[in-house]
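Colleague: Please take me through the sheet and the helices packed around it. I would like a close look at that part alone.

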Amino acid sequence: MGACSNARINISMKGSRMSRVMIQPADYQTCQEAVDKAFELFPLDIQGKKVLVKPNVLRTAKAEEAITTHPAVLRAVIERLESMNPSELVVGDNPGVFTYGANEKAFSDTGLTEASQGHYRNIGAESREVPFNPEYCDTLSVSAAVLDADVVISLPKFKTHGLTVLSGAIKNSFGILPGAQKAQLHKLAGDPGRFNDLLVDVFRLRVPDFYIVDGIVGMEGNGPASTELRDLNLILASDNAVALDGVIARLMGVDDPSQVRFLATAQKAGLGEFSQQAMEIIGELKPIQGFKLPPAGGPFRPGGEKIREFMESRTLLRPQADPDKCTGCGACIDQCPASALAFDEELPKVDPDKCIVCFCCQEMCPEQAMQLV
Ligand code: SF4
Ligand code: SF4
């Protein structure tokens, strides 16, 4: 990882009511500095409050795979929060799309239990029903720790995502749902376009108060569990998810974030604005040279108007197991919400008529053997 440098800070003041997004150089050795700066720029009333910190723990993985928020970033956030005297500090997430039992293992394998410094809790163990969009289902079960928190701090990972283009602040909130609901929602959405809209509905169940993004090592290409990593050496922070995800999109090379369906939906719902004129950038917003969008994100490059149709298409992309990497563990078959996978001569094969293109199999494969073709 590159060392933290004193990069030029561009501050454009556009009015006090605008959303602000911090882009700060950092590395994992010295990220405390960037995290402290984020807390200084976005003061939070923490003293005597119940605080929930939610990293992105997609599944069990090694920290260096960059699939999850890095423990160094979580550790820096916890150090800072402990000094602010909350009445309760909980670190938790709901990894996986199907299972309830893998929470402890996912946190310990990634090094996040240790980084939580005694504040980790399996937040999937206790949940409460809340009303949801009846277009999909009347109620959802949300982790009680999320609902009970006075302050929710989200720690997304800077990653691409085949279904949503990017996995940032809004996508990180999908993890407030324990267990199999996530898989059921993929199925209820039925296609990638509706899933993007549904994601915004889940986000609205409890909009976090603050976001710090681990963009020190980012993921490009076939995210959210790709092997293509990039040293970006950035920590981002904001108090508005739409502005923040708009900035992530631009850093990834998406000129027009309105082409990212969930962002367009979130802005329309009044959750924030992604236009650069509507936000104050604290730092330098410069698209990352040659950043690889996920396969479905290809049309974002010049001529990006085709992206919406592309993302909503159910015929262009299908998962396929790489015979050189697949160990035949069966996790993808177990976790497919549409029961679209079955072994065929020791390799999982997809039934295209059943597949709802949710990419859960790709997310969950521990060998990163599922390719989108
Ligand atoms: S989860 Fe990955 S390694 Fe396991 S069977 Fe599926 S493709 Fe193969
Ligand atoms: S095969 Fe993969 S992409 Fe298709 S429905 Fe199953 S988990 Fe989703």
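Modeller: Two residues count as in contact if their C-beta atoms, placed from the backbone, lie within 7 Å. Helices (H or I, at least four residues) and strands (E, at least two) are DSSP runs, numbered from the N terminus. Axes are lines fitted to C-alpha atoms, for helices over the stretch in contact, and angles run from 0 to 180 degrees between N-to-C directions. This is a predicted model: local features need pLDDT of at least 70, side-chain atom pairs count only at pLDDT 80 or more, and totals for chains, interfaces and linings use all residues. Residues are numbered from 1 along each chain as its sequence is written, while chains are lettered from A and ligands numbered from 1 in the order in which they are written.

Seven strands form an open, mixed sheet, in the order 3-2-6-9-10-1-11. Strands pair if DSSP finds at least two bridges between them. Strand 3 (88-91) and strand 11 (279-282) are the edges; each has a single partner strand, so one side of each lacks a neighbour in the sheet. On average, neighbouring strands are turned by 20° against each other, direction ignored.

Look inside the sheet. Strand 6 (residues 151-155) and strand 9 (residues 210-219) run parallel, joined by two bridges. Isoleucine 153 sits opposite phenylalanine 210 of strand 9.

Next, the helices. Helix 2 (residues 71-82) lies across strand 2 (50-55), strand 3, strand 6 and strand 9, at about 155° to strand 6. Helix 1 (residues 31-41) lies across strand 1 (19-25), strand 9, strand 10 (229-238) and strand 11. Helix 1 runs at about 25° to strand 10.
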